[in-house]
Amino acid sequence: MFAITSLLNPRNANRINRIVKGLETKFGLDDVQDTPDPHLTYLLTGTRRLADLKAVLREVAGTTPPFSAYTTGLGVFPGDNPVIYIPVLRSNDLNLLHQRVLDVTAPLCRAGSYYSPDRWLPHLSLALHDTTPDLLGPVLSHLNQETYNLRLNVNNLALLRKKGDLFVREELFELTGKP
């Protein structure tokens with residue numbers, strides 16, 4: 001299993017990690033840390049053609065200029081284990097990169113319906129898998145003490161590989177295209 005993502009710059013990654021660590025300290029929520037690098041996910045998929053996948057991601061990165069994306073607020077994906085996240089606002093640049101990733105990976109791997117352009121909700125996960133509906137109120141009350149307006153510098157595509165319970169960095173492709 002692989003995740004095609006953009007890793008956050010160190011400043012934003014540190015902020016997200018501080019929030020996540022605070023949720024671990026106060027509420028015992030730590031499953032989100034199975035992916036040590038905070039990131040924005042474009043696609044979660046499997047492939048048997050890893051070399052080809054890396055080649056097409058390298059091409060997309062080499063022809064895509066870096067751009068800014070913005071976050072605001074908090075969100076929840078409901079369920080038995082609600083996911084708490086910071087929404088990333090969709091923009092033309094972000095939508096174009098997501099569509100390019102979907103287009104070049106289509107012959108190599110299958111995208112789940114959550115990643116189709118009309119359903120994709122870019123976000124930064126703060127808590128998942130170990131949350132419960134009973135914890136939702138207290139966690140949101142705690143998180144509500146801050147604002148989550150971030151400017152993200154989207155300057156890479158990262159391929160993360162599932163290794164046991166973790167997603168670890170397989171390869172990083174810098175966005176180097178000209179605007």
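Which residue forms a salt bridge with R169? The partner is D37, and the closest N and O atoms of the pair are 3.4 Å apart.

## Basis of the model

This is a predicted model, in which local features need pLDDT of at least 70 and side-chain atom pairs count only at pLDDT 80 or more, while totals for chains, interfaces and linings use all residues. Residues are numbered from 1 along each chain as its sequence is written, and side-chain values use heavy atoms, with hydrogens and water left out.

## Salt bridges

A salt bridge is counted here when a side-chain nitrogen of Lys or Arg lies within 4 Å of a carboxyl oxygen of Asp or Glu, and by this rule there are nine salt bridges. Helices (H or I, at least four residues) and strands (E, at least two) are DSSP runs, numbered from the N terminus. D37 counts as partly exposed at 25% relative accessibility, and R169 also counts as partly exposed, at 45%; buried means under 20% relative accessible area, exposed over 50%, and partly exposed in between, with a 1.4 Å probe and protein chains only.

The side chains of R100 and E59 meet in another salt bridge, at 3.7 Å from N to O. Because R100 lies in helix α3 (residues 92-105) and E59 in helix α2 (residues 50-62), the pair ties together parts that are 41 residues apart in sequence. R100 is partly exposed at 28%, and E59 is partly exposed at 40%. R49 and D52 likewise meet through their side chains in a salt bridge of 3.0 Å, N to O, with R49 partly exposed at 41% and D52 partly exposed at 35%.

Strand β8 (residues 156-163) and strand β9 (residues 166-174) run antiparallel and are joined by eight bridges; two strands are taken to pair if DSSP finds at least two bridges between them. R169, the salt-bridge partner of D37, is also the bridge partner in β9 of L160. The hairpin has two residues between its strands, and G164 takes a positive phi near 65° there.

## The three-stranded sheet

An open sheet of three strands has the order β4-β5-β6, with antiparallel pairing. β4 (75-77) and β6 (123-127) stand at the edges with a single partner strand each, so one side of each is left without a neighbour in the sheet. The twist averages 40° from one strand to the next, where axes are lines fitted to C-alpha atoms, for helices over the stretch in contact, and angles run from 0 to 180 degrees between N-to-C directions. Three bridges pair β4 with strand β5 (residues 83-87) in the antiparallel sense, and in β5 the bridge partner of V76 is I84.

Helix α1 packs on the sheet, touching β5 and β6, and its direction makes about 25° with that of β6. Helix α4 (residues 133-143) packs on the sheet as well, touching β4, β5 and β6, with a direction at about 25° to that of β5.

## Nonpolar cores

A nonpolar core is a set of buried Ala, Val, Leu, Ile, Met, Phe, Trp, Tyr and Cys residues joined through side-chain atoms within 4.5 Å. The largest such core has 48 residues, and those with the most contacts inside it are I16, Y42, L97, L124 and L157. Helix α1 (residues 10-27) supplies the largest share of this core, six residues. A second, separate core of five residues includes A3, L7, A158 and L160.

Contact means heavy atoms within 4.5 Å. Leaving aside neighbours within four places in sequence, the residues in contact with L157 include Y42, L97, L172 and F173.

## The surroundings of H39

H39 is found in strand β2 (residues 39-45) and counts as buried, at 18% relative accessibility. Its side chain reaches the backbone oxygen of D37 at 2.9 Å, and a polar contact of 3.2 Å joins the side chains of H39 and T41. A polar contact is a pair of N or O atoms within 3.5 Å; within protein, one must be able to donate a hydrogen and the other to accept it, and residues adjacent in sequence count only if both atoms are side-chain atoms. Apart from its neighbours within four places in sequence, H39 is in contact with residues including L7, H123, L124 and L160.
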